[in-house]
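Here is a short report for a reader new to this structure. Take a look at the model before reading on.

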Amino acid sequence: MTDNDTHSPADEAKANVETDGGVATQADRDHRNIDYLSREVNLLRPSTPFMRDHLRIIWTGFAIWALIVFGPVTLTAVAPGVMTTTLPVIGFPLHYFLVAIGAPSGALILAFWYARKRDALDEKYGISHQTVAGDRGGGAEGATTDGGTTE
């Protein structure tokens, strides 16, 4: 004969489980269970999967930016004959063209790349950037996460 009035802690845990209907990914469920405000931020040792993925994007972007900005200058020092050759159509030296046109264009393309990667990362972890109802278009007026009040 079994006693139905006693329950084990495992039975109670099963009764308190909330389901998402099977639509959330594991990363989304993990993200919801992390208190990011109490986590230490360390650029060399990120403490959450979101921070690790975001840091990977940042370091990749930084490496690309360094290559775009310092690549032509370094190549000019290494191979001055090739880099100082005048381009036939525009009449500028190659190194000047790469620094004047390539670096700003590369930075703009890199900004679009980062925005797309960050949007994909936010979608992966279920982060939404919705404004609070009644927000007057200021953006973060209703999103005080530091315990402060909106002004």
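The report covers the overall build, a helix pair and a group of aromatic rings.

## Basis

This is a predicted model, in which local features need pLDDT of at least 70, side-chain atom pairs count only at pLDDT 80 or more, and totals for chains, interfaces and linings use all residues. Residues are numbered from 1 along each chain as its sequence is written, and side-chain values use heavy atoms, without hydrogens and water.

## Overall build

The protein has five helices and zero strands. Helices are DSSP runs of H or I with at least four residues; strands are runs of E with at least two. Of the 151 residues, 15% are buried (under 20% relative accessible area, 1.4 Å probe, protein chains only; exposed is over 50%, partly exposed in between).

## Helices α3 and α5

Helix α3 spans residues 49-78 and helix α5 residues 94-124. They pack at about 175°, with axes 10 Å apart. Axes are lines fitted to C-alpha atoms over the stretch in contact, and angles run from 0 to 180 degrees between N-to-C directions. The two helices are therefore roughly antiparallel (over 145 degrees).

## Aromatic rings

The whole structure holds five aromatic pairs (ring centres within 6.5 Å; planes under 30 degrees apart are stacked, over 60 edge-to-face, the rest tilted). W59 and F62 have ring centres 5.9 Å apart and planes at 85°, so this pair is edge-to-face. Both residues lie in helix α3, three residues apart. W59 is partly exposed at 45%, and F62 is partly exposed at 46%.

W65 and F70 are also paired edge-to-face, with centres 5.8 Å apart and planes at 85°. W59, F62, W65 and F70 form one aromatic cluster.

Methods: Angles under 35 degrees count as roughly parallel, over 145 as roughly antiparallel, 65 to 115 as roughly perpendicular and the rest as oblique. Rings of Phe, Tyr and Trp (its six-membered ring) pair if their centres lie within 6.5 Å; planes under 30 degrees apart count as stacked, over 60 as edge-to-face and the rest as tilted.
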